[in-house]
Amino acid sequence: MTKCSDTLPVLYSTLLTEGKSQWYTPKETFFTLRDKNTMKLSEIPAGSGATGEINDQPVAVYNENGTPVVFDNTCTHLQCQTEWNERDKTWDCPCHGSRFEKDGSVNVGPATEPLPKLNATVEGDEITLA
Ligand code: FES
């Protein structure tokens with residue numbers, strides 16, 4: 001019997017190859033519908049992370065005690081979008097299981113390269129890319 005958890009990575013990979021991945025993950029859709037180009041630091045609890053887009057750039061933002069640590073949210077294996085894992089404090093890729101530490105370094109492959117860090121600043125409460 002095929003479980004939903006078995007088919008989702010396949011579906012996601014298929015959509016990714018069609019260039020539509022950002023429209024089909026619930027978390028990304030939430031941020032896209034709310035405001036696809038901005039993220040507010042106050043909406044990410046300290047010690048936690050969130051994904052979204054800033055100026056059409058998919059980003060993964062970790063709140064390091066009030067300082068945003070921002071990464072390109074594109075998995076360095078085959079370019080899926082990672083999701084924040086609150087329990088383990090990692091960025092997890094739903095496609096093939098890569099996991100990245102909160103600092104973007106690889107925890108588990110198949111990815112071998114870290115998530116690229118982006119320069120960001122906070123203006124008011126809004127996170128902006130430098
Ligand atoms: S795209 Fe393969 S693990 Fe992320």
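**Exercise 1.** Find the bridge partner of Arg 99 in S8.

*Solution.* 
- In S8, Arg 99 has Val 108 as its bridge partner.
- Now place this pair. The model is a predicted one. Strand S7 covers residues 99-101 and pairs with S8 in the antiparallel sense, over two bridges.

**Exercise 2.** Locate His 77 and decide whether His 77 is buried, partly exposed or exposed.

*Solution.* 
- Begin with the chain. His 77 sits in the loop between strand S4 (67-72) and S5.
- Count the neighbours. His 77 has 17 C-beta neighbours inside 10 Å. Buried needs 20 or more, and exposed needs 12 or fewer. His 77 therefore counts as partly exposed.
- List the contacts, leaving out residues up to four places away in sequence. His 77 touches Cys 93, His 96, Ser 98, Pro 110 and Ala 111.
- Take one of these, His 96. His 77 and His 96 are 19 residues apart along the chain, and their C-alpha atoms are separated by 8.5 Å.

**Exercise 3.** Describe the whole protein.

*Solution.* 
- Count the elements: two helices and eleven strands.
- Check burial: 29% of the 130 residues count as buried.

Notes
Residues are numbered from 1 along each chain as its sequence is written. This is a predicted model: local features need pLDDT of at least 70, side-chain atom pairs count only at pLDDT 80 or more; totals for chains, interfaces and linings use all residues. Helices (H or I, at least four residues) and strands (E, at least two) are DSSP runs, numbered from the N terminus. Two strands pair if DSSP finds at least two bridges between them. Two residues are in contact if their C-beta atoms, placed from the backbone, lie within 7 Å.
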